[in-house]
Amino acid sequence: MVFRFVLVMLLWPLLLTTVNALPFDEFRKFVNEGELAFEDERNLKQIVPGYGYPSHKYDKSDDGRLSDLVREKNEQYQIFMSYVEKGFTHKGLTFTLYDDNLRNAAVALFRLIQSSDIETLQRIVAWAQENVNQDLLTYALRLTGVYSEKNKFMNAFENEPPYLTKPNYFINGETIRKAMQIVIDNGQFSDQEAQINQIFKNGDVIAINTNYSGWNLASNGCHEELNYFREDIGLNSYYYGLQLLHPFWMSNNELEEINSKHAEYYYYTHKQLLARYNLEREFSKFNKDKPVEKCFTDYNPYLYYDNGLPFPIRSSTLKEWNEEQARIKSIDIAIRECISRKVIFMDNGTKIAMTEDNYIELLAKILRANLDGIKSAKFIRSFFGYGGNTYPLNSYNPAPSVLHHPETSLRDPIYWYLMQNLLNYFNEYERTLEPFDLSKYELNDIKIVHAKIPRITSYFSYYQFILNKGLKKNDPAKIPYSITARLKRLNHLKFEFAFTLESITNTPVVVRLFLGPKCKFENCWVLFPNFFELDCFVYYLKSGLNNITWSTNDRSSKFSYENFYNIEEQSGEVNKYNLFKFPANLVFPRGLEKGLNLSLFVIVTPKEDILQVEVPRDYYINYRKFLPEQFDKKPFGFPFHREAANFKPFANNYRFFNISILHKKRTEDENGYFSSNLN
C-alpha cells in the first residue's frame, strides 16, 4: 500500500526502531489546541526570510497616512507596525505562510482591515499597496473577502482565479521566461524563434504552448503520467481556496465559532480529493505494474519565484534520524493510543469518549492542532518539501518548497501520500466499528424505476489564459497585446444522466450521486474511501413518475467553471468561476480508448428539516456562503462515509450502475505540439 511505503520510506525510518509509547497522561498537552514544542529551530530559521534581516529604514512620515486612519492604541495596528518597522513586510520578499514573521504580519493586517469600516478599509488598502509586500497584502485581502461582510469591493477575489495574478506559481517557468522575453522585445520575434519556442500570434494575442513538469524527460512510468491532474491550475486554485476557509494558523476554537462543522468539512474535502486522485489512477494502472517503491523519485516542480530562483527540487534521499522526527513520531504514537483506547483527555483534564458519532470531529481537530499546527506544519513541510536536499542556506530571498504554499502543494506526489497518512487515522478507528446498517435508509414509497447512463467522453481541451497581470503587475494595460499560456487540460464532452423515479406522495428528497471504481456489488463498500461525490441536491417529487436529469453544465451548483477566462473558447460566457468549488473540468477521470469501466451510485433519501446554526459575529457573515449547503443530518459523504452492511443489490431508492469513460484522442494540432501523454 502507498501509505505503508510512505511511513517506511519517508517520514518514519524509526518504525524500524523500537519506540516506547508515551504514558497516557502525556497526551493532555497536545490533544486539544496544544502543539509539540520545538526547542531547536535552527534549521527551520533558514526556510524563509526573517532572521538576521535588516530592519526597515523609514521615516515615521511614511506611515503618517496610516496612523491618521487608525488609533495608535489599536492592538492590531501596533502588532502590524512592529513587523513593518522590522522589515518583515518588505516588497520583494518571498511570502510564505510558514514564516512566522510574514504570516503574523499578514494576519495582523487582516485583523486590522477586518475591524475597519469600509471607507477606512479602502484607505488602509491604498496605503498598503504602496508600502507592503504584494503577496502578503493579497493574502490578507483574500482572508478579508472570506471573513468579513464589510468589503464588498473585494468579493471579486472569489470570481477571479489566482493564476491570473500569480501565474509563475501555476505554470512552468519556461513559459514565464518566454513571456518576459516577448515583453522585453516589444512583442517582436522571428518565425524561427516562434517555431522553436512554440509561440503563436493571432492578431493581438500571442500564445505560448505550455507543458507540465517533466515534459522534456523520458517517462519512467510513474507519477509524471498524472502531472496534468496534480498540476491543473483549477485544482491548485481550489486547494488555495480550501486553505483560506481553514487557515492552519487559526485555532479550532475560532473556526468552531464560525462553523460548528469545520473539522468534519476539512476532513471530508481531503477525503474527496484523495478519492478523486485515486480515480485518476484507475486510468494509469492499466498501463503499468511498477512497484510503488520504484516510483519514489526526485520531484522537480519546474516553477520559478519572482526573485528568479527556482522552486527547490525535492530529493528522494533520506535525511539522518533527528530529534524533530522523533517528536513528530511521539505525536503519531499518542494519537494512535487515543484511537486504540477510544478516549481523549483534554487540556483541562476532561475525558472525552471517542464514539461513532463524534470520532470524525475529534480526530480532525486533534490532527489539525498537532500535525498541521504551526510548529509541526513548518517541520513536516520542510522535511518532505526539500527531502535530502535539506534547507536553503541563505535567508535572503530564499526559495521555499512547493509544500510551503497551498496553491503549489498538490503538484508534488508526496503531498498526496501525506494526505493518505492523515486519513489513515480515521480508517484505523473505523476498523473498530461495526459497519453501519444501510437498510435503515431504504424506502418503500420512492423507487428508481429507470436510468439512462450515457458513456462519458474525456479529452484534453485547450485552455488559454492571459499572463499580462502577472507580467506587469502595476499596469498590465501598458502591454499593448495579450500574452497567453496555452495549456491542455483534462475535460469531458457534455452529457446528461436521466433517472425516472416513482413516488407515492409529493415530497422533497435529497439525491446523491457518486463515482467509484468498478466493483461487484457485494464488495463496493470495502472500497468506500474511493467513491467521489459528484453531487448532492434537493428535488421535489410529485406523486407518480418523475424525471430527473443531471449534468455538470445544467443541474449542478457544486463546481467551478473557468470558461470565462479561457480566451480559446470564449463566446459570451457568464463568469461562473468560484475559488471555493471543485473545478468542473475534473469531475470525471481520464478514460481509456477502449473505455474505462467505473461504478455510478445514486441514492434518494427524504429531505430533513435541520436547524441552521447562527454565526455569532457579523464578521463571518461572508463565510457562510462558501460552505456546502446541508439538506439533512447525515454525515458528509453519506453513504460512503464508512463501510456499510445489510444493503440490497436492487433496493428501491438506491442503485449501482455501470458507467464507461471513453478517452478521445485529439488529432495533431496545427499550432505546435505538447507532451505525448496529453493526447
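1. Two strands pair if DSSP finds at least two bridges between them. Helices (H or I, at least four residues) and strands (E, at least two) are DSSP runs, numbered from the N terminus. This is a predicted model, in which local features need pLDDT of at least 70, side-chain atom pairs count only at pLDDT 80 or more, and totals for chains, interfaces and linings use all residues. Residues are numbered from 1 along each chain as its sequence is written, and side-chain values use heavy atoms, with hydrogens and water left out.

2. Start with the eight-stranded sheet. The sheet is open, its pairing is mixed, and its order is S1-S2-S8-S7-S17-S15-S10-S11. S1 and strand S11 (532–541) are the edges; each has a single partner strand, so one side of each is left without a neighbour in the sheet. From one strand to the next, the twist averages 30°. Axes here are lines fitted to C-alpha atoms, for helices over the stretch in contact, and angles run from 0 to 180 degrees between N-to-C directions.

3. Strand S2 (residues 205–209) and strand S8 (residues 482–492) run parallel and are joined by five bridges. Opposite Asn-209 stands Arg-486 in S8.

4. Next, helices on the sheet. Contact means heavy atoms within 4.5 Å. Helix H7 (residues 173–184) packs on the sheet and touches S1, S2 and S8; the direction of H7 makes about 150° with that of S2. H12 also packs on the sheet, touching S8, strand S10 (507–517), S11 and S15. The direction of H12 makes about 115° with that of S11.

5. Now the three-stranded sheet. This one is open too, with the order S6-S9-S12 and antiparallel pairing. Strand S6 (446–452) and strand S12 (544–550) are its edges, each pairing on one side only. Neighbouring strands are turned by 25° against each other on average, direction ignored. Six bridges hold the antiparallel pair of S6 and strand S9 (residues 497–503). Ala-451 has Phe-499 in S9 as its bridge partner.

6. How do helix H14 and helix H17 meet? The axes of H14 (residues 359–370) and H17 (residues 413–430) come within 11 Å and cross at roughly 145°. The crossing is right-handed. (A crossing is left-handed if the near helix is turned anticlockwise from the far one by less than a right angle, and right-handed if clockwise.) H14 contributes Tyr-359, Ile-360, Leu-363, Ala-364 and Leu-367 to the contact. From H17 come Leu-422, Tyr-425, Phe-426, Tyr-429 and Glu-430. By class, the contact has nine nonpolar, no polar and one charged residues. (Ala, Val, Leu, Ile, Met, Phe, Trp, Tyr, Cys and Pro count as nonpolar, Asp, Glu, Lys and Arg as charged, and the others, Gly among them, as polar.)

7. Check two positive phi values. Gln-198, a residue other than glycine, has phi near 60°. Gln-198 lies in the loop between helix H8 (191–197) and strand S1 (199–202). Its relative accessibility is 8%, so Gln-198 counts as buried. (Buried means under 20% relative accessible area, exposed over 50%, partly exposed in between, with a 1.4 Å probe and protein chains only.) Tyr-302 is not a glycine either, and its phi is about 60°. Tyr-302 sits in the loop between helix H12 (262–285) and helix H13 (323–341). Tyr-302 counts as buried because its relative accessibility is 14%.

8. Last, a cis peptide bond. The bond from Phe-638 to Pro-639 is cis, with omega near 5°. Pro-639 is in the loop between strand S15 (596–606) and strand S16 (644–645).
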